[in-house]
Amino acid sequence: MPAGARIRRNGQPQACEPCRKTKVRCDHGHPRCSRCIIRRLDCIYHPAPMTKNHDFYTPPPSSQGASGHTNSQTNSLSSILSPMEQNHINPTSSAMTPSSGTASPSLSGASYENATRNTLFHKEGVSFGTTRYSAVFSENQASFGQAIGAATEDPTLRATFVSPKGPGFDMSNSQRELAIVTLLDFPTLRTCEILMENISSFHDVWISPMTIRQCLNQVWNDFGHCLGNDRSRDSVLDLANELIENSKTSLPHPDQVAGSDTSWINWFGGPRLRWEMIGILFTWAGMAFKHKQDWDPIFELPEQQGRNRNTSAEKMRVGAKACLQLCEDYSEINEVIVVLMKNFAKLHSQIISDESDRLRMHFGATGSAIITAGLHRQPFTREVTPLSQHRSILATSFFHLDKCDSLFLGRPPILDQRYCNIPQPLDLSEEDVYQGPERLAAAVRRLDANGWNTDKQIYTVTWLRAVSFLSPIREEILRLSLSANIQYTKPQIDALVVQLQQIVDSYPEHIQYRSLEQGSASVQTRAPHEIYMVTRIQLDVLQCAFLLQRLLVSRGLSNGQDLFNIAQEMISVVLSLWSDREQLRVYNFSFDWIILSYGIPCAGILCLELLRASNLAPPIPATEAMPIPTPVQLSRSEVVQTLTMFIAFLSWIRPTDNNVQLCGKFKKVVKRIIDTAIDAPRPSLIGPQRTPLPSQRLSETPQPQNMMQNQVQQTPLHSTEPHNSMDFMTDFDPAMIAMDDLDWLNTVDWTQGDWLELSQQNYLS
């Protein structure tokens, strides 16, 4: 404590200004208290603290840094504090003067206080067009002058909430009880440290590793005494009350926060910690549990109480849901609560089946929040700031996910590009964005003319940029597929195919899939996260090509040969992930989704053409564009082998994966189709002939004899002549064919060539 420090009336030493204003305990360290050292605050012991209203702000990193803090609690946070504290990644504001080291008034904490806001227009800076009820007033603010400026909210006129349990019921007690129970379920410090170890494998722009690390650091340093191992109802009560009070105030408009300063990170954390951020931490922990293997030691910790991946994630989901409930009565829709809603929906989708209708309701609510927050229509600006990059990332990602979800379920999208103005995020790493304006400006200068990084790095935003360029094509596919009474032509689809190829050609070389193909010299040196993200980009490209061909086939504009070829290529890419499952172990959590979204549609095409080739399904019907359709050319042996590998992949899905039930159903269907194709009786050329299906009767004119012979020669399995090549059916014993399901495959040595051994119980169980 500095010399001459004042003593309060209760006999306790006076706290420093930052600790006093945030109402946390100060250890009175000299010349700076430990809390100010950790958070890099100006530690000031004001002689008359009650006479002036000093601003609270985060100063630039000082030479004392985190190394000057000797609190033992900080040492236990090494995995969370690194590199946030050790490397001083918080950039300084461009408005700070090097000589003084203090922030300018525009960057001070005053912008975070409960400043008077003009609430007449509800959302300032958001375009509502000419139809909104207040459009005339908002468009002519200069003309109306002070009449509008004085239109602030009157608290006495605010609508009050009446409890459904009656006017005598105290909602604050109910809310406080929910808050206490929620904080008691917050993951322990040890659990947070373990979960943080693999945060780099998330590759989800909605889960920012730097933001998660920063907020965890603030929570455990500021409130570790509340959430420690001796956590109790009494210990979390003060934190619950502070969170409730913070959530009652609205976040400042983004224009009020200096975009080039990292104080926007403290917008929702630190002394302004809110339920939205606690909920985001809950969702992160839940997804981190789902990313773990079933046998991970974290589930043996006493605090887990015997829970597994699913039950641990479910507990975190309940906590996140409570946080949403705690802030919904006070918070207006902002970027932070949008992130919470999106992450809550994703966590729920990782626990229950992706086919659930409840997920659509969560996703729809998030879409409404995106629009309400104005993220779908952002103003054009040439200045790149952390906040502008963050907002463009959120909007771009949701626009992409909206199209993916609509394609997956065959439902109309929420967002339409006609009503959106979303700037494309730049290909920058989080470190470049958040480590100061100088580094950010230097990173922007290194980008190429199209906004890609020139260091050949694959960041999470690199993946987002690549797949977001496909969104217009996905939206057009949805329009042609789901619109009522719409007609399209083959040239329209061909134009989209050309556009798709142009997009792929515009990708940088290091994110194109050919860099991973067998025989490439660089494939052995690629990091697992690069292999995973490049493969996911390729799957999205092939999915667009697949769906475009589906449009042609559905209208009888193609015989399906191109569709079959793309399906074969796409399912081989899916199987490549399974083949590299050990190298990609940290990404195993997403395999069930990849199977459903990319694998199942392709397997369906292969099954259909296999049945057609075996004369067990109606052939391609004749249309005006194809009077005599040409059958799809395929190798039945190759199709059976591919589908068998796909069945093994389906069998590998873990019991705790959320889509295990759907994968099990499709596995049975594919197995039965293969059994049917293999067990089908061979038609004889002597004796009664099979009656053709109605769609096969294209003409009553009998076919010439030479045409009949050509058709027989094109069907090797039905041919009566001996062949030099192996016949897939004749080399099997009939007793083997009678075996149940695919038991005969256990007798085949799949280790020859490029195939894996399917008899290993690890992968079949």
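Mentor: Start with rings. Rings of Phe, Tyr and Trp (its six-membered ring) pair if their centres lie within 6.5 Å; planes under 30 degrees apart are stacked, over 60 edge-to-face, and the rest tilted.

Trainee: Which residues do ring pairs link into a cluster?

Mentor: Trp-578, Phe-591, Phe-649 and Trp-652. The count for the protein comes to 13 aromatic pairs.

Trainee: What are the ground rules for the values?

Mentor: The model is predicted, and local features need pLDDT of at least 70, side-chain atom pairs 80 or more, while totals for chains, interfaces and linings use all residues. Numbering runs from 1 along each chain as its sequence is written, and side-chain values use heavy atoms, leaving out hydrogens and water.

Trainee: Why is the pair of Trp-452 and Phe-469 called tilted?

Mentor: The ring centres of Trp-452 and Phe-469 are 5.9 Å apart, which is within the pairing limit. Their planes stand at 55°, so the pair is neither stacked nor edge-to-face: tilted.

Trainee: What parts does that pair tie together?

Mentor: Helices here (H or I, at least four residues) are DSSP runs, as are strands (E, at least two), numbered from the N terminus. Trp-452 lies in the loop between α18 (437-446) and α19, and Phe-469 in the loop between α19 and α20, so the pair joins parts 17 residues apart in sequence.

Trainee: Is Trp-452 buried or exposed?

Mentor: Buried means under 20% relative accessible area, exposed over 50%, partly exposed in between (1.4 Å probe, protein chains only). Trp-452 has 3%, so it is buried. Phe-469 has 28%, so it is partly exposed.

Trainee: What makes the pair of Tyr-532 and Tyr-587 stacked?

Mentor: The angle between the planes is 5°, and the centres are 4.3 Å apart. Both values pass, so the pair is stacked. Tyr-532 lies in helix α22 and Tyr-587 in the loop between α23 and α24, so parts 55 residues apart in sequence are tied together. Both residues are buried.

Trainee: How do you know that the charged end of Arg-581 sits over the ring of Trp-578?

Mentor: A charge counts as over a ring if NZ of Lys or CZ of Arg is within 6 Å of the ring centre and within 35 degrees of the ring normal. For Arg-581, the distance to the centre is 4.3 Å. Lys-403 likewise lies over the face of Phe-399, at 3.6 Å from the ring centre.

Trainee: What makes a set of residues a nonpolar core?

Mentor: Its members are buried Ala, Val, Leu, Ile, Met, Phe, Trp, Tyr and Cys residues joined through side-chain atoms within 4.5 Å. The largest such core has 85 residues, with Tyr-507, Leu-643 and Phe-649 making the most contacts inside it. Helices supplying at least two residues each include α19 (460-468), α22 (528-554) and α25 (636-652). Helix α22 gives the most, with 14 residues. A separate core of 75 residues includes Phe-223, Leu-243, Ile-244 and Val-339.

Trainee: Which residues does Leu-643 touch?

Mentor: Contact means heavy atoms within 4.5 Å. Beyond four places in sequence, Leu-643 touches Ala-603, Leu-606, Cys-607, Leu-610, Val-670 and Ile-674.

Trainee: Why is Leu-281 called buried?

Mentor: Its relative accessible area is 1%, so it falls under the buried limit. Leu-281 sits in helix α12. The C-alpha atoms of Leu-281 and Ile-212 are 7.0 Å apart, although 69 residues separate them along the chain.

Trainee: At what angle do α11 and α12 pack?

Mentor: About 115°, with axes 8 Å apart. Axes are lines fitted to C-alpha atoms, for helices over the stretch in contact, and angles run from 0 to 180 degrees between N-to-C directions. Ala-240, Leu-243, Ile-244 and Ser-247 in α11 meet Trp-275, Glu-276 and Ile-278 in α12.

Trainee: Where is Asn-615?

Mentor: In the loop between α24 and α25. At 32% relative accessibility, Asn-615 counts as partly exposed.

Trainee: How many helices and strands are there?

Mentor: There are 29 helices and 0 strands. Of the 765 residues, 50% are buried.
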